[in-house]
Every structure is written in structure tokens, then in C-alpha cells.
Amino acid sequence: MTQHIAIYVRVSSKKQDTKSQEPDLKQWAIAFAGDVPVKWYRDQQSGKTMNCPGWNRLEAAINAGKVSSVVVWRLDRLGRTASGLTALFDKLVTRRINLVSIKDGVDLSTPAGRLIANVLASVAAYENEVRAERIIAGQAVAKAAGKTWGGSKKGRQLKVTDEQVATIQRMQRYGESKTAMARATGLSRPTVYAVLRNLS
């Protein structure tokens with residue numbers, strides 16, 4: 001089976017374009033792709049969920065063994081949380097697929113690249129924890145002020161995509177916490193628990 005190098009570009013909305021990312025990616029392809037075919041995958045969608053058409057096609061190609069490397073401009077273009085990035089790193093390493101992030105200096109084929117990737121993921125995890133602490137502090141202040149808020153209406157059926165279920169399954173295999181699964185998928189913890197119950 002002929003494998004290809006997958007170049008993934010993403011912007012957060014249809015009002016934006018990928019022109020700022022493409023020159024560096026094209027230069028990388030010229031310098032490093034050699035005779036290996038290159039295929040571009042594009043998304044114009046928020047990174048809050050990885051259920052994006054371009055990414056879904058790329059992941060299908062990865063699962064089919066058609067991809068040798070994934071190249072991005074920066075890791076944030078993957079639109080994943082720290083735990084989601086770590087799970088993706090592990091998946092790619094297990095499948096012997098390289099990941100290159102041009103601006104972050106990440107190349108999973110090298111020990112230094114793997115170290116940088118893990119450091120970046122750790123920093124992102126720290127930022128997520130600080131953000132969560134701020135939210136909790138804000139909620140405490142609001143509660144003290146007598147403000148209340150509710151979640152989804154009781155009995156409301158939440159839509160969970162196949163990609164989110166697959167992410168939860170993958171993170172469960174790696175021993176990730178339910179909180180990490182919720183962050184990676186954009187689902188609430190009760191919904192994550194419900195998905196896990198259905199999988200058992």
C-alpha cells in the first residue's frame with residue numbers, strides 16, 4: 001500500500017483562510033517530502049470538537065494505514081486539549097506515524113521532538129487546570145452573590161458523535177481520567193459516564 005504525507009490545515013471559521021499557514025507547509029513539503037506523495041486536508045471549523053470533515057477523512061486514512069506522516073503548521077491547529085494531544089501522540093507513535101509541527105519544532109521521529117511534544121502537552125495541561133480554577137472561583141463568587149444557573153433541561157438527549165465515542169474509548173485504554181475525556185471531547189462528565197456505561 002502506498003502511503004502519503006498528510007498536511008492538515010485548519011482555521012476556526014469560514015471567514016478565515018489558510019494562506020498564512022500554507023507557505024511554510026509548502027516549503028516543508030519541498031524540502032522533506034521527497035518522492036512520498038503529499039495530500040492536503042483542510043477544515044474551516046472551530047477546534048472545540050475534532051468532528052471536522054477534513055480531520056475525519058485524515059483519521060480514516062490513518063486508521064487504514066495510508067499515512068506515513070502528519071504535518072501541521074502549529075499543534076493548536078489540531079484543535080485538541082492537552083490530554084487529547086497526548087492520546088494522539090501515543091496513537092501515532094504506536095502506528096509508527098510521524099507528526100511534524102513546523103512552528104513548535106515538534107518531530108515525533110526524534111527523541112528531542114517527543115520531549116518537546118510532551119512538554120508542550122504538560123504546559124497546556126497546566127493552563128487548562130488554571131482555567132478550571134478560575135471558573136470554579138468565578139462560580140463561587142456568583143453563588144455567594146445569589147446567582148444560580150442550570151445545565152441542560154432534564155431528559156434532554158445529548159448528541160454524541162462517533163468521533164467523540166472513539167476518543168473516549170481510546171483515552172479509556174490509556175487510563176485517562178473522566179475529566180480529561182470530557183475536556184478532550186467537549187462533553188460533560190455525566191455524558192462521558194453515560195457513554196462509558198453504554199460501552200461496557
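## Basis and fold

Helices (H or I, at least four residues) and strands (E, at least two) are DSSP runs, numbered from the N terminus. The model is predicted: local features need pLDDT of at least 70, side-chain atom pairs count only at pLDDT 80 or more, and totals for chains, interfaces and linings use all residues. Residues are numbered from 1 along each chain as its sequence is written, and side-chain values use heavy atoms, with hydrogens and water left out.

The protein chain holds seven helices and five strands. Along the sequence they follow the pattern β-α-β-α-β-α-β-β-α-α-α-α. Contact means heavy atoms within 4.5 Å. Among the contacts with a separation of 6 or more, 65% join residues 24 or more positions apart.

## Surface and burial

Accessible areas come from the Shrake-Rupley method with a 1.4 Å probe; for residues, only the protein chains shown count as cover. The protein chain exposes about 12,000 Å², and carbon and sulfur atoms supply 52% of it. Buried means under 20% relative accessible area, exposed over 50%, and partly exposed in between (1.4 Å probe, protein chains only). Of the 200 residues, 38% count as buried.

## Two nonpolar cores

A nonpolar core is a set of buried Ala, Val, Leu, Ile, Met, Phe, Trp, Tyr and Cys residues joined through side-chain atoms within 4.5 Å. The largest one has 22 residues. Within it, L58, V67, V70, L78 and L99 touch the most other members. Two or more residues come from each of β1 (4–11), α2 (53–63), β3 (67–72) and α3 (82–94).

V67 reaches several parts of the chain. Leaving aside neighbours within four places in sequence, V67 is in contact with Q3, H4, A6, L58, A61, I62 and I97. A second, separate core has eleven residues, including I168, A184, V192 and V195.

## Helix packing around α7

Axes are lines fitted to C-alpha atoms, for helices over the stretch in contact, and angles run from 0 to 180 degrees between N-to-C directions. Angles under 35 degrees count as roughly parallel, over 145 as roughly antiparallel, 65 to 115 as roughly perpendicular and the rest as oblique. The axes of α6 (residues 178–185) and α7 (residues 189–199) come within 9 Å and cross at roughly 105°. This pair is therefore roughly perpendicular. K178, T179, M181, A182 and T185 in α6 meet R189, V192, Y193 and L196 in α7. By class, the residues of this contact are five nonpolar, two polar and two charged. Here Ala, Val, Leu, Ile, Met, Phe, Trp, Tyr, Cys and Pro count as nonpolar, Asp, Glu, Lys and Arg as charged, and the others, Gly among them, as polar.

Helix α5 (residues 162–173) also packs on α7: their axes come within 10 Å and cross at roughly 80°. That makes α5 roughly perpendicular to α7. V165, I168, Q169 and Q172 in α5 meet V192, V195, L196 and L199 in α7. The residues of this contact divide into six nonpolar, two polar and no charged.

## Two arginines

R57 is found in helix α2. At 49% relative accessibility, R57 counts as partly exposed. Beyond neighbours within four places in sequence, R57 is in contact with Y41 and R42. R57 and R42 lie 15 residues apart along the chain, with their C-alpha atoms separated by 9.7 Å.

R96 sits in the loop between α3 and β4 (98–101). Its phi is positive, about 60°, although R96 is not a glycine. At 77% relative accessibility, R96 counts as exposed.
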